[in-house]
Amino acid sequence: MKTWLSLISIAAVAACSPAAQNEAAPDETPVTPDETAQVDTTGDEAGEEDVAGLPGTDIHLFALDWSGDAPVLGASLGGVTRAGYDNQPFFTGDGGLLYTAGDESGETDIWRLDLATGETMPVTQTPGESEYSPRIAPDGRLSYIYQPPSGYAGNAYLANPDNSAREPAEALAPVGYYGFSGDMSAVAVFHLGEPMTLQLIDRTTTPETVTHIADNPGRSFFRAGRGPALYVTLADDAGIHTVHALNTQTGELREMFALPGTSQDFAVAILPDDRITFIAMHDDRLVWRAWGGWEPIGSIDWLTGVTRLAISPDLSTLAVVAEE
């Protein structure tokens with residue numbers, strides 16, 4: 001297989017240990033959405049079209065430095081920049097980056113970029129099927145949204161790292177984005193419909209118990225450190241997304257703050273002292289949530305159509321998805 005990237009000295013980036021940040025992680029009470037018209041209506045960039053219905057997107061990598069309490073955008077480190085659809089980055093704890101890659105048929109597979117060597121390898125190779133939204137679940141298994149052949153009925157799946165022993169993690173479909181609680185007992189999902197809804201699924205019951213939480217969620221789902229919380233967003237009528245902490249045991253939502261502009265994408269950095277930093281995009285600048293407001297950390301004005309963001313577990317690298 002081809003190596004789909006231009007990588008510049010990623011291995012030389014050293015992880016820094018930043019000082020304490022502004023947002024405290026939620027307490028230990030239980031609290032912890034791409035792309036096509038037909039292939040996947042879980043759409044990051046709905047409305048953009050390519051020959052197979054997938055938009056042309058690249059994943060750009062940057063060093064993430066720290067100055068006192070503040071993250072600072074560092075040098076460009078290349079990324080996955082082949083022609084076509086490359087999106088939904090997720091850093092693994094072993095020096096890898098999982099992402100979704102589309103082919104000429106409009107199907108997608110999960111790929112892995114080795115950050116040290118720059119090599120890319122397929123994780124899933126499933127002709128006629130598609131996989132989206134890769135992650136490593138809290139129990140260490142690979143997770144993703146699975147789309148079977150001949151139609152769309154996506155739901156969250158779990159599998160071994162080599163995609164063996166795959167199985168549904170929940171039955172509700174179609175869903176596009178998701179996040180597991182830390183103990184895997186629950187999964188919150190972006191359920192496709194009219195309207196789009198945030199649903200919380202109790203995986204410990206048979207059949208599973210599905211609870212409607214709210215309408216109009218965003219596509220970002222992040223665990224909040226060691227506590228059983230999920231950070232999610234909800235949109236108002238003006239398209240403003242507000243970050244909430246979702247209690248995955250009770251379904252309670254705690255409103256936190258609005259993302260800048262009309263962005264629905266953000267990334268979470270979990271610091272060594274368990275505090276949380278949020279990074280988002282505003283106009284052509286990356287910003288972080290500092291002391292109750294948003295402060296710039298660096299400009300990426302040469303990129304257009306920025307959407308997804310991801311931060312490596314060691315806080316040294318930032319992934320940014322943009323139009324080709």
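Residues are numbered from 1 along each chain as its sequence is written, and side-chain values use heavy atoms, with hydrogens and water left out. Since the model is predicted, local features need pLDDT of at least 70 and side-chain atom pairs count only at pLDDT 80 or more, while totals for chains, interfaces and linings use all residues.

Start with the empty space. Rolling a probe the size of a water molecule over the atoms shows where such space is left. Here the search runs on a 1 Å grid over the protein atoms alone: a cavity is a set of points where a 1.4 Å probe fits but cannot get out, whereas a pocket is an open set with protein on both sides within 12 Å along at least five of seven lines. Grid points are joined across faces, edges and corners, and a volume is the space filled by probe spheres set on the points. On that basis the largest pocket holds about 850 Å³. Its lining (residues with an atom within 4 Å of a point) is made up of 34 residues, and F90, F91, R135, F222 and R223 lie nearest the centre. Two or more lining residues come from each of β4 (86–91), β8 (130–136), β12 (175–180), β16 (222–223), β20 (266–270) and β24 (309–311). Sorted by class, the lining has 21 nonpolar, nine polar and four charged residues. For that sorting, Ala, Val, Leu, Ile, Met, Phe, Trp, Tyr, Cys and Pro count as nonpolar, Asp, Glu, Lys and Arg as charged, and the others, Gly among them, as polar.

Rings of Phe, Tyr and Trp (its six-membered ring) pair if their centres lie within 6.5 Å; planes under 30 degrees apart count as stacked, over 60 as edge-to-face and the rest as tilted. The count is eleven aromatic pairs. F257 is buried at 6% relative accessible area, where buried means under 20%, exposed over 50% and partly exposed in between (1.4 Å probe, protein chains only). Ring pairs also link F222, Y231, F257, F266, F278 and W294 into a cluster.

Next come the strands. Strands of a sheet pair through backbone hydrogen bonds, either parallel or antiparallel; in this count, two strands pair if DSSP finds at least two bridges between them. β16 and β17 are antiparallel over two bridges, and F222 stands opposite Y231 in β17. Six residues separate the two strands of this hairpin, and G225 in the turn has a positive phi of about 65°. Strand β17 (residues 230–235) is mostly covered, with five of its six residues buried. β17 also runs antiparallel to strand β18 (residues 241–246), joined by five bridges, and A235 stands opposite H241.

β12 is largely enclosed by the rest of the structure, because six of its six residues are buried. Five bridges pair β12 with strand β13 (residues 186–191) in the antiparallel sense, and G179 stands opposite A188 in β13. Their hairpin has five residues between the strands, and M184 takes a positive phi near 70°.

β8 turns up again in an open sheet of four strands, ordered β8-β9-β10-β11 with antiparallel pairing. Its edge strands, β8 and β11 (167–168), each pair on one side only. Two bridges join strand β10 (residues 155–159) to β11, and L158 stands opposite E167.
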